[in-house]
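This briefing covers one chain. Please load the structure and keep it open while you read.

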Amino acid sequence: MIINTELEKKGNLFPSKVISCNKEVDTLYFTTKNNVVLQLTILRDSILRFRYATSTNFDADFSYAIDKNATRGYNYLSTDENKEHYIITTSKLICHIHKADLRVAIYDAKDNTLISEDELGFHWEESYEYGGDIVKMSKIAQDGESFYGLGDKPVHSNLRGKRFENWATDSYAFGKNTDPIYKTIPFYIGLHHKKSYGIFFDNTFRSFFDFCAERRHVSSFWAQGGEMNYYFIYGPKMNDVVASYSDLTGTPELPPLWALGYHQCKWSYYPESKVKEVAKKFRELQIPCDAIYLDIDYMEGFRCFTWSKEHFPNPKKMVKELSDDGFKTVVIIDPGIKIDEEYSVYQEGIKNDYFCKRADGPYMKGKVWPGECYFPDYTNPEVRKWWSGLFKELIHDIGVKGVWNDMNEPAVMEVPNKTFPNDVRHDYDGNPCSHRKAHNIYGMQMAKATYEGLKKYAYPKRPFVITRSAYSGTQRYTSTWTGDNVATWEHLWIANIQAQRMSLSGFSFAGSDIGGFAEQPTGELYTRWIQLGVFHPFCRVHSSGDHGDQEPWSFDEEVLSIVKKFIEIRYQLLPYLYTAFWRYINEGVPILKSLVLFDQDDNQTHNRTDEFVFGEKILVCPIIEPNAKGRRMYVPKGKWFNFWNDSIIEGGKETWVDADIDSLPIFIKEGAIIPKYPIQQYVGEKQIDELTLDVYYKKGREKSELYDDADDGYDYKKGRYSLRNFNLLGKSDELIIQQHKSGKFITTYKTFKIKLHGLPFNIVKIQVDNEEIAFEDVKVNGDNTIIISKEFTELHIIGSS
């Protein structure tokens, strides 16, 4: 007789004593008496991978997040042991593995200071409901430790004292502290004692992070399935941590320059006459704009890859006419494919068995905009190839320049959990699994398939894709926006925080729906949001048409004038932003830098939320409350020039900055050389014959860069780019600028117009490449501007104090 049918509840389980240690090249295996195995891989001197198995057998080693081109190799590796520990040493780190229980402690190899240590370390629970394990890790939070990262969380920049869930969720009109929302980026940075490290928990199941919320001095992370598999990334500078994480998970290709312009979007611009009316108004008012977006109403009954015959009878002609006026057309594509026997995309999906299925065989059916839909399994390579091929007509034939993937968490309407049931099955690139494992990467794989289609059919131009949902590594394929926000002052604060946090989390090409998607902003809020948005890498106004219009002219003349001025500033700064993008792609340097990322040694930066550095040299602080005539802000250490009037402020303190509705606190780092274009209505409207260099005096040295290429296409990968490195040296009576150029690209501009700011002397002599030049030859003006050939190597501006 069976007298007890209940399984034994074992609770937390822990590794026992280590009984063996084996080394295979760059990997060590530690096996415990109860068959737990720690696989420790040394990827680089500063990056260690920790992977645990609870029954000696590891799952197939597969990750969507890790870039196949990630850097590998180290300079030094030694292994040793004493009575209590195994000791693994690289040129950057010393790692102790406790023999008693596999707990880990990591030290800086340079000065032997403690960086990170396990509390309970790895432990797990058996999951009787689903099988497998609930895997857990807890670490001791060090004194004064702060935590940053995790992607798009709409909370204070410092995560200490909070707990978070990673489960991609359609979160319409989310608010401050809403969790989870659209993205799952399980990467965070710890900072204490002026040293920082990162942890990337590469597990796609529903996961959780606790930064001293449950227990004041313990941080932890865990997942409801899969492996305990994490990467420890050491800096000690935060910039180095983010750069190494970006190398590990990848950076994108350069976007076409037009993608960094101003974009206008609405749910929805239709019919065709309305689209043309909006485009015409931009050009009439001379407000720069590079892209106009079509939301779901351009489709026939919301069927993806179709056009409404009523509203857009000749889309190819319309797209061509928009293009002739400088507008690139971007369209939305959702994952839900309408169940319709007459619909070719549905027919192909059914014929080839491309749609997701439930555990017992039926297709996964859910309601979204077209009604009842099936959903492609983007984790199947064959499905991704099919999906990418569907873009031929849109991109190659009609001429659409960009695609925007929405609803890809995946979102499902009219069900309590807003998404697929857990029993939905996925291919997972030959590693079959349930939706529990595939959910968080579904949007990423849709974006990848879309990117591959655009890359193929836009060639020889570059693709442009936007996604709402993302997992670590999605930045390789696409830009992103922060989802369905609201036209409130709180959401202006959130937009600022999210863009900074995404950049710090390796995903720089991000922005918000400027003005707010839901509800209607006041003219003041819209203006302040534009002022912030032009300093975000992705710059797009988007709104729900149910709540009114949000074009720049939708308010009053004052708002129109101010908005136009700030969009023009964006276009002037395009070469500066493009250069920052180049650094991000090649070096992993975030385009936006929270103050803690900019100067982690200054404790005053650790809890600042509003101020950020745009690129390397421009400090921005948005106005985030109504009726403001200015605000107090923290200025980082060093000297900074006021962008508007060239007054100089000494940083390292809070200060009041005037900023009425037509202004914004913007400061330029002393010694900076800021490249500027003339104002254009769209990228490529004008041939750039002369480039302005705004040079800000500094007594001392400063470096700046300027990157150029053809603005689109792939010739830059063949060496056809121009990279100019500027070295500035300021003395009390002399300013020296040295230039070194690399790359084979020849820019259209022949001269630099150098505008000198804060020069402490009157110019009496100018030397170019060791030759004195007459003032009239370089057109020296009373406003301290000179014009000089772009080919100079060394410029001396000599004065008398």
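Axis angles under 35 degrees count as roughly parallel, over 145 as roughly antiparallel, 65 to 115 as roughly perpendicular, and the rest as oblique. At about 55 degrees, the angle between helix H10 (residues 557–572) and helix H11 (residues 574–587) falls in that remainder. H10 and H11 are therefore oblique to each other. The model is predicted.

**Confidence**

- The chain has a mean pLDDT of 96, and 99% of its residues reach 70 or more.
- Residues 1–7 have pLDDT below 50. Beyond near neighbours in sequence, this stretch has 1 contact in the model.
- Where pLDDT is low, the predicted coordinates should not be read in detail.

**Helix H10 and its partners**

- The axes of H10 and H11 lie 5 Å apart.
- On the H10 side, the contact uses Arg570, Tyr571 and Gln572. On the H11 side, it uses Leu574, Pro575 and Leu577.
- By class, the contact of H10 with H11 has 4 nonpolar residues, 1 polar and 1 charged.
- H10 also packs against helix H9 (523–533). Their axes come within 9 Å and cross at roughly 5 degrees.
- That angle is under 35 degrees, so H9 is roughly parallel to H10.
- H9 contributes Gly523, Tyr526, Thr527, Ile530, Gln531 and Gly533 to this contact. H10 contributes Val559, Ile562, Val563, Phe566, Ile567 and Arg570.
- The contact of H9 with H10 divides into 7 nonpolar, 4 polar and 1 charged residues.

**Helices H5 and H7**

- How do the axes of H5 and H7 cross? Helix H5 (residues 381–389) and helix H7 (residues 435–458) come within 8 Å, and their axes cross at roughly 45 degrees.
- This angle makes H5 oblique to H7. The crossing is right-handed.
- From H5, the residues in contact are Arg384, Trp387, Ser388 and Gly389.
- From H7, they are Gln445, Met446, Lys448, Ala449, Thr450, Glu452, Gly453 and Tyr457.
- The class count for the contact of H5 with H7 is 4 nonpolar, 5 polar and 3 charged.

**The sheet of 9 strands**

- This sheet is open, and its strand order is S5-S6-S7-S8-S9-S10-S17-S16-S12. The pairing is antiparallel.
- Which strands stand at the edges? They are S5 (77–81) and S12 (162–166). Each has a single partner strand, so one side of each is left without a neighbour in the sheet.
- On average, neighbouring strands are turned by 15 degrees against each other, direction ignored.
- Within the sheet, S10 (residues 133–140) pairs with S17 (residues 218–223) over 6 bridges, in the antiparallel sense.
- Ser138 stands opposite Ser220 in S17.

**The sheet of 3 strands**

- This open sheet runs in the order S22-S24-S23, with antiparallel pairing.
- S22 (337–338) and S23 (366–368) are its edge strands. Each has a single partner, so one side of each lacks a neighbour in the sheet.
- S22 pairs with S24 (residues 371–374) in the antiparallel sense over 2 bridges.
- Lys338 has Cys373 in S24 as its bridge partner.

**Backbone points to check**

- Most residues other than glycine have a negative phi, and most peptide bonds are trans. The following cases depart from that pattern.
- The peptide bond from Gly235 to Pro236 is cis, with omega near 5 degrees. Pro236 lies in the loop between strand S18 (228–234) and helix H1 (238–249).
- Trp267 and Ser268 are also joined by a cis peptide bond, with omega about 5 degrees. Ser268 sits in the loop between strand S19 (263–264) and helix H2 (272–285).
- Glu519 has a positive phi, near 70 degrees, and is not a glycine. Glu519 is found in the loop between strand S32 (513–514) and H9.

Terms used. Residues are numbered from 1 along each chain as its sequence is written. This is a predicted model: local features need pLDDT of at least 70, side-chain atom pairs count only at pLDDT 80 or more; totals for chains, interfaces and linings use all residues. Side-chain values use heavy atoms; hydrogens and water are left out. Two strands pair if DSSP finds at least two bridges between them. Helices (H or I, at least four residues) and strands (E, at least two) are DSSP runs, numbered from the N terminus. Axes are lines fitted to C-alpha atoms, for helices over the stretch in contact, and angles run from 0 to 180 degrees between N-to-C directions. A crossing is left-handed if the near helix is turned anticlockwise from the far one by less than a right angle, and right-handed if clockwise. Contact means heavy atoms within 4.5 Å. Ala, Val, Leu, Ile, Met, Phe, Trp, Tyr, Cys and Pro count as nonpolar, Asp, Glu, Lys and Arg as charged, and the others, Gly among them, as polar. pLDDT is the predictor's confidence in each residue, from 0 to 100.
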